[in-house]
Amino acid sequence: MPQQISIFAENKPGKIERISGILGKNSINMRAITIADSGDYGIIKILVDRPVDGCKALKDEGIAATLKEIVALRIDDSPGGLHRAASVLAKNDINVDDAYGFTIRGSHEAVFVFQVKDIKRTEKVLQDAGFSLLWDNELYFL
Amino acid sequence: MFWNKEVEAIDRKALEQLQFTKLSAALRSAASTPFYKKVFQDNAVSVEKITSLDHLKDLPFTTKADLRLSYPEGMVAVPRSEIIRLHASSGTTGKSTVIFYTAKDIADWADLLARSMMATGTTRDDVFQNMMGYGLFTGGLGLHYGAERLGCMVIPASSGNSLKQIQLMQDFRTTVIHITPSYALHLGDVVAEQGLYTPDLGVKKAYLGAEPYSEETRNKIQEQWGLQAYNSYGLSEMNGPGVAFECELKNGMHLWEDFYIMEIINPDTGERLPDGEAGELVITHINREAMPIIRYRTRDLTRIIPEQCPCGRTHRRIERIKGRTDDMLIVGGVNVFPSQIESVLMKIPEVGNNYQIVLDRHENLDRLHIRVELYSKMFQGDMEGLNRLKKKLVEELKALITVNPRIELLEPGSLPPSTGKAVRVIDNRKI
């Protein structure tokens, strides 16, 4: 199951600078980054090529970081692509907690990355509907 | 104006005689309680050998810790059936300090407050709006009963809900208010925001208490409202408000010496200091059936004004409280100890051991911020968990200290380490 790094950060200047510095120093490459903000603090989520190493490097520097399992869904990079996948999720009453997406270079495909309560069930529902999921290394080295 | 001139202007000699008679009775009553029985035994105190007021200084002190030790009823001197009420203040480690009253205690307390209010010129023709919290806190019910005893029309408004307070003042033509100084300033601003001119409300007097404030703040409130503000002093251990009260001359608070024996001590040595010197106020309650308390260390710093007040009252005055000998904080009139906050934080595994208490004043209201570090290992990686943690901290703290804190979650390592003299409390309020 693919993972991303989830980081607790105060809402202050210099936070991304510090985190990206630690990752860069450890030759960890980022795929995607999102920041959810809640006033005083926020959560930074980063998809990297080596999540376990990245998370450890951050923790070693005293940063509150943890790994969170995610679902990475391959969708068509065309109008209605996300809608078809989202319909399956809605029909099965699956709530998407946190999500982002990006397109895959040199292809007509995109990836929809999200967090849900029940990952196993979500994966099964999507696969049963004919969708293809990206597994760890496929995702990390896109 | 005197409520009971005979007592208030009593000759000093007669007052001391009265104090001694009441002290002897209080000591006999105390000796019947489990707590003092043991204290007197351990310190070889024989009540019969106390033959003058001066002997009081040889008796051991009672502290807030003693009240906790004897919780809930170790200091009670009457059968349960004689008790008609209790009040409580939040304790330093979760256990409350509880004070009990018989019917006579409540009646006497009301009488003392009627005396206090009349000393400022309040009469039965006044409309009294009580904006102190009702409930376990003594501030609300204390003056409520006093004002009723005096014959005022009482509006038991309790604290908060500013627009309602203003409406009550307008509709019932309130003339006297009981309020914390910070809320008085805040409410004055709200009145102005409503497009009203504060002095037009017609409030003539304010009793300010429950939190420390300066002479400048008093002047500001007086100007803002166009009223006379009087300083009052009390603590739940000694019944609540009405231990000492300013008269119309507003130059120090008369401590009612027919109810209380006061001493000023050096807080470090415990040695009694002469009148006029500043130190810690120690009070013996000589007028309470349910719960006599001997030589209670208030932790409040003040001095006795030795000169007699021109108002004619012979009961000596104390100056406004200058500070505390412990780390107690007063937030919006509520007593809070940093150790209470610490005890809650230590119980919650998601936060680290370092914390900071930051106090400031926003629109004249106290705000309590508690800054804690998130404990790395407990970080679950989602916002929901953080919000839940914050909510849990607020709820647990509010349950113990009754003040609603604002929680700031910080990254691990952002606060100074707990070793040594870490500054835990940052008080940005100007008194």
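This note covers the interface of chains A and B and a set of aromatic residues in a predicted model.

1. Extent of the interface. Chain A contributes 22 residues to the contact and chain B contributes 19 residues. The area buried between the two chains is about 1600 Å². Carbon and sulfur atoms give 54% of that area. On the side of chain B, the residues that lose the most area to chain A are Phe379(B), Met383(B) and Glu411(B). Together these three account for 40% of what that side buries.

2. Charged and polar pairing. The count between chain B and chain A is four salt bridges. One of them joins the side chains of Glu384(B) and Lys117(A), with an N to O distance of 3.6 Å. Polar contacts across the interface of chain B and chain A number eight residue pairs, with both residues of each pair at pLDDT 80 or more.

3. Make-up of the chain B side. Two elements of chain B, helix α11 (383-401) and strand β19 (406-410), are those that give two or more residues to the side touching chain A. Met383(B), already named for its loss of area, lies within the range of α11. By residue class, this side of chain B divides into eight nonpolar, six charged and five polar residues.

4. Aromatic cluster with members from both chains. Phe379(B) belongs to one aromatic cluster with Phe8(A) and Tyr41(A). Phe379(B) is also among the chain B residues that lose the most area to chain A. Over all chains, the structure holds nine aromatic pairs.

5. The pair Phe35(B) and Tyr36(B). The ring centres of these two residues are 4.9 Å apart. Their planes stand at 80°, over the 60 degrees that the class requires, so the pair is edge-to-face. Phe35(B) counts as buried because its relative accessibility is 13%, under the limit of 20%. Tyr36(B) is likewise buried, its relative accessible area being 1%.

6. The pair Tyr36(B) and Phe40(B). Tyr36(B) also forms an aromatic pair with Phe40(B). Here the rings are tilted, with 5.6 Å centre to centre and 40° between the planes. Both residues belong to helix α3 (residues 34-42) of chain B, and because they are four residues apart, about one helical turn separates them. Phe40(B) counts as buried, at 5% relative accessibility.

Note on methods
Residues are numbered from 1 along each chain as its sequence is written. Chains are lettered from A and ligands numbered from 1 in the order in which they are written. This is a predicted model: local features need pLDDT of at least 70, side-chain atom pairs count only at pLDDT 80 or more; totals for chains, interfaces and linings use all residues. Side-chain values use heavy atoms; hydrogens and water are left out. Contact means heavy atoms within 4.5 Å. Buried area is the accessible area (1.4 Å probe) that two parts lose on being put together, summed over both. A polar contact is a pair of N or O atoms within 3.5 Å; within protein, one must be able to donate a hydrogen and the other to accept it, and residues adjacent in sequence count only if both atoms are side-chain atoms. Ala, Val, Leu, Ile, Met, Phe, Trp, Tyr, Cys and Pro count as nonpolar, Asp, Glu, Lys and Arg as charged, and the others, Gly among them, as polar. Rings of Phe, Tyr and Trp (its six-membered ring) pair if their centres lie within 6.5 Å; planes under 30 degrees apart count as stacked, over 60 as edge-to-face and the rest as tilted. Buried means under 20% relative accessible area, exposed over 50%, partly exposed in between (1.4 Å probe, protein chains only).
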